[in-house]
Amino acid sequence: MKKHLFLTGEKGCGKSTRIKNILRENPELRIKGFLTLRTLNDDGSYSVHILHAGTDEKPDSSNLLFYCGKDRMRLTEEESIERFNRLGSLILSDTSEADVILMDELGPHEEFATDFKMKVLELLDGDIPILGVIQKAESAFLDTIKAHPKVKVEEIIKNF
């Protein structure tokens with residue numbers, strides 16, 4: 001029996017919105033895990049942050065994962081990997097009292113974040129249901145998640 005549900009689809013098709021709606025319809029659930037938030041910076045670039053699910057945490061330098069977009073002072077690939085390993089693993093280590101673990105979203109940026117990937121895979125083997133978003137991208141890590149026996153992947157098609 002599949003225990004974990006991951007939504008996938010093209011960018012902007014409503015995956016995260018669908019997750020938010022599911023959680024809003026079930027306010028009694030104790031949610032742990034993470035969500036990622038992309039914010040527009042003053043210079044036109046974007047920052048991607050990892051936030052604790054179920055909190056009012058705001059994006060700031062302490063939860064920054066990486067920058068994308070126009071040239072600006074960027075984190076090196078090693079710094080970004082270290083942040084995924086440190087921040088992501090810390091968030092996913094605090095899930096014992098959860099009814100649902102949120103993973104919104106997983107993508108190819110995590111490919112070399114070994115500690116983070118191992119924590120995700122450990123939770124997939126566990127008993128707490130996971131609700132997540134997985135990017136539609138090429139990645140051995142994402143393929144491993146999709147092939148996990150407890151994972152069901154549903155593709156979201158954008159309505160026009």
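Phe116 is buried, as its relative accessible area is 0%; buried denotes under 20% relative accessible area, exposed over 50% and partly exposed in between, with a 1.4 Å probe and protein chains only. The model is predicted, so that local features require pLDDT of at least 70 and side-chain atom pairs pLDDT 80 or more, while totals for chains, interfaces and linings use all residues. Residues are numbered from 1 along each chain as its sequence is written, and side-chain values use heavy atoms, without hydrogens and water.

A pair of aromatic rings is described by the distance of the centres and the angle of the planes. Rings of Phe, Tyr and Trp (its six-membered ring) were paired if their centres lie within 6.5 Å, with planes under 30 degrees apart counted as stacked, over 60 as edge-to-face and the rest as tilted. This rule gives 3 aromatic pairs. In one of them, Phe66 and Phe84 are tilted, at 6.3 Å centre to centre and 35° between the planes. Phe66 belongs to strand β4 (residues 64-68) and Phe84 to helix α2 (residues 77-92), so the pair ties together parts 18 residues apart in sequence; helices (H or I, at least four residues) and strands (E, at least two) are DSSP runs numbered from the N terminus. Both Phe66 and Phe84 are buried.

The ring centres of Phe84 and Phe116 are 5.9 Å apart with planes at 50°, and this pair is therefore tilted. Because Phe84 lies in helix α2 and Phe116 in helix α3 (residues 114-125), the pair ties together parts 32 residues apart in sequence. Phe34, Phe66, Phe84 and Phe116 form one aromatic cluster.
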